[in-house]
Amino acid sequence: DATSVQMLQQLATDREAAIAREALLRLREIDLKLSLPAAISAIASLDAGLRQVGVEILVASGDIDAIQHLGPMLDDRNPGVRQYVAAHLVAFANQPDLRASVIDQVMKSLAGNGWRGVEQAALIVGTLDHKPAAARLLVSLDNPRPEASVASAWALRKLKIESTFPELLWRATRMH
């Protein structure tokens, strides 16, 4: 009933992550739309389990608004969360009406300061064969974190853009 739903919505934003998680899961079972506002709050939680439930709900909603909230999660501290988000963004990009929104979010992460987001974004642009990302990938090769720089190199290899070859050859020669 309405009173129970209202109580669950309050509990879904509880300070205690275990309580919030269970309330959020129950709201999702009742009606996905009822869980969306709390899911947006959940992705800011310190608790990885609660963030995971939040991103699962956003993925299930599968719209442009959800993609805008999922984009920053590419830089999540938890590898499971960020890899889950990345995999679903790739799937969303295969839908013509969502591709532009996905590319926008991925490019923001690729240009960001978080190495985790750069890593995931590089893997996504390589998978999606998004050639306009090449210039930013070249910059990301200098990322001090090997996870980000190696992912950027992999993406450049997948993109196979001839104009990047001289820069890549120069870097390889310098390394060797």
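A: At the start of α6, a side-chain oxygen of N78 comes to within 2.8 Å of the backbone nitrogen of G80, which is a polar contact in the sense of a pair of N or O atoms within 3.5 Å, where, within protein, one must be able to donate a hydrogen and the other to accept it, and where residues adjacent in sequence count only if both atoms are side-chain atoms. This is a predicted model, in which local features need pLDDT of at least 70 and side-chain atom pairs count only at pLDDT 80 or more, while totals for chains, interfaces and linings use all residues. Residues are numbered from 1 along each chain as its sequence is written, and side-chain values use heavy atoms, with hydrogens and water left out.

D76 itself is placed in the loop between α5 and α6, where helices (H or I, at least four residues) and strands (E, at least two) are DSSP runs numbered from the N terminus. At 5% relative accessibility, D76 counts as buried, a word that means under 20% relative accessible area, with exposed over 50% and partly exposed in between (1.4 Å probe, protein chains only). Leaving aside its neighbours within four places in sequence, D76 is in contact (heavy atoms within 4.5 Å) with R51, V81, R82 and R116.

Turning to the helix itself, α6 covers residues 79–93, and its 15 residues should span 21 Å at 1.5 Å a residue, which agrees with the 21 Å between its end C-alpha atoms; the expected span is 1.5 Å times one less than the number of residues. The buried residues of α6 are V81, R82, V85, A86, L89, V90, F92 and A93. Seen down the axis of α6, these buried residues fall within an arc of 165°, and so they line one face of the helix, the arc being that of the directions from the helix axis to the C-beta atoms. Among the elements that cover the buried residues of α6 are α4 (48–61), α5 (64–70), α7 (96–110) and α8 (115–128).
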